Amino acid sequence: MRREIPIAITFIVGVVFALAYFIPHRPFGAFEAQFGDWFGIIGAFAIWLGALNLMKISFIKVFRKRPDFPFALIIIISFLVMVFFGFYEGYKGLFATPQFSYRDPGTGFDWMYKWVYSALSATMFALLAFFVASASYRAFRARNLEATLLLVAAFFVMLGRVPVGDLLTDWILPTGYTMSSWADWIMSVPNTAGQRAIMIGIALGLVSTSLRIILGLERTYLGGD
Amino acid sequence: METFGIWLAALLTIGIISFLYKDNVLYKACEAIFVGVSAGYWFVTYYWDNLYRKFYLGINDTSNPERYFLWIAFFLGVLMLTRLFEKIGWLSRWPLAFVVGATAGLYMMIYFVSNAFVQVGATIKPPPGFGTWQSYITYGLIALGTFCGLVYFFFSKEHKGAFGVAAKLGIWFLMVTFGASFGYTVMSRMSLMLGRLDFLFGTWLGMIK
Amino acid sequence: MKAGEMIATAIIIVVLLVCKFLLPKPIQLSPGLSGLVTVLLGLCFVYIFYLTMKDRPVERRIVFLFVGIALVVPFFMQFELPLPISPEVEKAYDQMAKLQPGAKVLVSFDYDPPSAPELQPVAVAFMKYAFAHDLRVIIMGLWPQGPQQAEQAIQSAFDAEPKLRDQVKYGVDYVNLGFQSGNEFVILRMGEGFKTQFPTDINYTPYDSIPLLKNVRNFSNIDWALNLSAGKPGTVEWVQIAVDRYNLHLSAANTAVQAPMAYPYLQAGQLLGLMGGMSGAAQFEKKTGYFGKATTYLLSQTFAHVAVVLFIIIGNVAFFRSRKESK
């Protein structure tokens, strides 16, 4: 029964959502509404699972004094500090008059969000700017016609979407034919066509995969026994 | 506190950027802080915005006669947490099955309608303003590119003859698409770094007007 | 740490402290000096080209340094740059401009701090426009960080136009409903009723007690929606459910990574306008007249793009030359 009950749940819920698209009335509409609310609550527990799993792994690293355990300790402390501010400010705001949110400007949680979380998350992703330039210099080569097409399109878009494109071309080309116009055309014609082909292909594949999952033919999401 | 916050954010930003020179202890420490703080942020946010606002306030909303069904969602959510324990971890398959089933059922419909049906319709229906020679070329190219791109993705038939020519044309359209995506990706990545450099040189050092 | 690295670290710390405490601020180069710096950077690229042609490609850390210089130095330059408005930004602005005072606008903040440089300028410009034109703004988020980004955008709008702080009232002119998890399921349920997903606002005020939401039941009561999106859930989900199922009038601002994928929706009429990346944000600022960070960053963005293009050209010229020699 370890696999049969989940497969039955997948089937029932999948059929409800599929049919509710066409029959929004009772019972399918009511079930869709109920299941939609449940999805959010279960999602919250899924996030909690991730956070608690991280803590479990970090605690194991610290207690068993693995080579990088100081960093695991930093993870645990940072997590606890953030959670402390979140719950302290949250309950303080809940019982205050007037009530305020745990993330209102001026709270400890908002301070942590602004000066720690935002700074770190933004900088982590910002590093990619350097790597994309380095990778372009080292590896981006027009080895054949297709790669050349890719390169030329990238040049037109990169230069056309910033003022330098028009600065370079508007003294030699008429209005409407400058680099920004070419970038507009590339985005609205060949890019639209290519993206649409990919979109339709993905949609058709997704429909068949979803059907297989709902009918229980695809069970990889259940994992091993 | 704001001054202290600015200096702390600057130190953390420089710690992450130091990775560009080479991996170092400061970067590893900043990375660990990021992981811990992110997990804490999501933990707290989902508690207040979902478990409190949606579940707790939901079951106490006397105007809703169906509110007690939310306890089923809570029960399934608790089962999700059993994944932390090896012996009873198999119980987490039930809420997982719910999530997968709901997503599969909904996506099957919305992706077919919005990403296939409407897109095919938009490709073949004449849009407003259709009638000039420029619109014939524009929409003709869009239709041709979409069709040839789809032909390229059809791998059940060998790409030979007229089919092969269409597939080749499809690849060319797709290459232009990927080039445009690359150009936009460069723009996006540079924008991310600009934000941080504006913080360092503007907010922290005050050098920018 | 090697001795050389320690000395370099010490020098960097000293330079930063000098910049912070001793240098007169702000620093702005004259147009002549800006041009001279641009020429110097160009000459550096010529040198990199020379080295690469000599089969001595520069180390990746030098590439990083150049990208950093290309991003930072323009902050201190003065150059007037033309900025044409693309049709998709024009379309989004037109949708907003035809709203009457009192119109209800739903704004979904579906992004986090990493995407703020591209999307926050649109949010700030929109808030300034909305408050100045008496639009009623209903804020929500499908990302946890969204509502906080919204609060920052509102504070930025108030800081730039202080008189708005007294004119604009929370609960009457704008409301922040906060974040709700469930991705597309939130949008689906909002189609029946906003209250099902947001029983209270972000400060736990009950939905029915908020004056702005008195006659707002679902999407049919919304005149226009703006989605600020950095990924999933975002514009795609809003189009698939709110637009195609509930006929919402939607425009979007996307990060540049996501923007190319939104063009089919734009061409099909599912999306009524698109601001893509920082370029789109700068165009939107220009259309609304509320210039902000996106316009300031545009010069740096330009230099960075030119740097990447030059690096690609240098790499390819060297590649073709070595291929020719090997033949």
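1. In this predicted model, strand β1 (residues 104-110) of chain C pairs with β4(C) in the parallel sense, over six bridges. Within chain C, C:Leu106 stands opposite C:Ala225, a residue of β4(C).

2. β4(C) also pairs with strand β5 (residues 250-254) of chain C; these two run parallel and are joined by five bridges. Here C:Leu228 stands opposite C:Ala253 in β5(C).

3. How many of the six residues of strand β4 (residues 224-229) of chain C are buried? Six of the six are, so the strand is largely enclosed by the rest of the structure. The cut-off behind "buried" is 20 or more other C-beta atoms within 10 Å of the residue's own.

4. Side chains in a regular strand alternate between the two faces of the sheet. In β4(C), C:Trp224, C:Leu226 and C:Leu228 point one way, while C:Ala225, C:Asn227 and C:Ser229 point the other way. Both sets are buried.

5. Turning to the contacts between chains, 40 residues of chain B are in contact with 47 residues of chain C. On the chain B side, the elements that give two or more residues are α2 (25-59), α4 (93-124) and α6 (161-204). The largest share, 15 residues, comes from α6(B). By class, this side of chain B has 24 nonpolar, eleven polar and five charged residues.

6. The contact between chains A and B takes 101 residues from chain A and 100 residues from chain B. At least two residues of the chain B side come from each of α1 (2-17), α2, α3 (70-81), α4, α5 (133-152) and α6 of chain B. The residues on this side divide into 71 nonpolar, 22 polar and seven charged.

7. Chain A is divided into domain 1 (1-61), domain 2 (67-126) and domain 3 (144-222). Between the C-alpha centres of domain 2 and domain 3 of chain A the distance is 39 Å.

8. Helix α4 (residues 108-126) of chain A has 19 residues, which at 1.5 Å a residue should span 27 Å; its end C-alpha atoms are 26 Å apart, in agreement with that. Where does α4(A) bend, and by about how much? The bend is at A:Tyr117 and is about 35°.

Conventions. Residues numbered from 1 in each chain as written. Chains lettered and ligands numbered in written order. Predicted model: local features only at pLDDT ≥ 70, side-chain atom pairs only at ≥ 80, totals over all residues. Domains from an automatic or database assignment. Contact = placed C-beta atoms within 7 Å. Helix = DSSP H or I, 4+ residues; strand = E, 2+ residues; numbered from the N terminus. Nonpolar A, V, L, I, M, F, W, Y, C, P; charged D, E, K, R; others polar. Expected span 1.5 Å × (residues − 1). Bend = angle between axes of the 7 residues up to and from the residue. Buried ≥ 20, exposed ≤ 12 C-beta atoms within 10 Å, placed from the backbone. Pairing = 2+ DSSP bridges.
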